[in-house]
Amino acid sequence: APWWYLQLQESLGSSIFLHNIPVSGGIYMVCAAKDQREILLDKTTEKPLDLYSCFDTLYGHKQMLTSSTSDPYCKQMRKAVAHSFSSSEVNRMNSICAKYAEEWEANFLEKLADTDATFDPS
């Protein structure tokens with residue numbers, strides 16, 4: 001199926017097209033990764049609830065993925081997690097991860113290399 005989409009993209013001269021499938025709102029196919037990223041990062045884009053509402057049932061409550069951007073519940077969720085993605089918090093987590101990775105390399109991997117032992121990640 002992916003090759004069919006690439007052929008269709010070449011024949012139509014567009015990376016975005018509408019499938020002729022009988023669902024409300026239709027299903028658009030976006031082939032270009034650049035266009036997909038732009039759509040996903042657009043804060044004004046609404047999620048197609050027909051496709052993603054099954055996740056609410058699966059998890060038993062609304063998710064950020066399935067909430068409307070204007071939904072007050074979604075705003076509370078975004079506000080609750082915003083601090084976790086601030087540059088200072090990400091830098092702090094990166095430094096901690098780098099420290100533990102260096103310790104693991106020095107204390108475990110180098111000892112394995114010195115003894116010609118094998119590393120089994122399972």
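Why does I39 count as partly exposed? I39 counts as partly exposed because its relative accessibility is 37%, and the term covers residues between buried (under 20% relative accessible area) and exposed (over 50%), with a 1.4 Å probe and protein chains only. The model is predicted, so local features need pLDDT of at least 70 and side-chain atom pairs count only at pLDDT 80 or more, while totals for chains, interfaces and linings use all residues. Residues are numbered from 1 along each chain as its sequence is written, and side-chain values use heavy atoms, with hydrogens and water left out.

The protein has six helices and two strands. Both kinds of element are DSSP runs numbered from the N terminus: helices are H or I runs of at least four residues, and strands are E runs of at least two. Read from the N terminus, the order is α-β-β-α-α-α-α-α. Of the 122 residues in the protein, 14% are buried.

I39 lies in helix 2, which spans residues 33-41. Together with I16, L18 and Y28, I39 forms a nonpolar patch on the surface, and the accessible area of the four is about 390 Å². Patches are made of residues with over 30% relative accessible area and no salt bridge; nonpolar side chains (Val, Leu, Ile, Met, Phe, Trp, Tyr) are joined within 5 Å and like charges within 9 Å. The areas come from the Shrake-Rupley method with a 1.4 Å probe, and for residues only the protein chains shown count as cover.

Lys and Arg count as positive, Asp and Glu as negative, and His and the chain ends are not counted. The place of a charge is NZ of Lys, CZ of Arg, CG of Asp or CD of Glu. The positive patch on the surface gathers K43, K75, R78 and K79. Among them, K75 sits in helix 5, residues 72-82, and is exposed because its relative accessible area is 57%.

The negative patch consists of E102, E103, E105, E110, D114 and D116. D116 is found in the segment after helix 6, which covers 87-114. With 68% relative accessibility, D116 counts as exposed. D116 also has a positive phi of about 60 degrees, although it is not a glycine. Most residues other than glycine have a negative phi.

The structure holds one salt bridge, meaning a side-chain nitrogen of Lys or Arg within 4 Å of a carboxyl oxygen of Asp or Glu. E89 and R92 form it, and their closest N and O atoms are 2.7 Å apart. These two residues are three apart in helix 6, so about one helical turn separates them. E89 is buried, at 14% relative accessible area, whereas R92 is partly exposed, at 42%.

The last stop is S15, in the loop between helix 1 (2-12) and strand 1 (16-19). S15 is buried, as its relative accessible area is 12%. The side chains of S15 and D35 are joined by a polar contact of 2.7 Å. Such a contact is a pair of N or O atoms within 3.5 Å; within protein, one must be able to donate a hydrogen and the other to accept it, and residues adjacent in sequence count only if both atoms are side-chain atoms.
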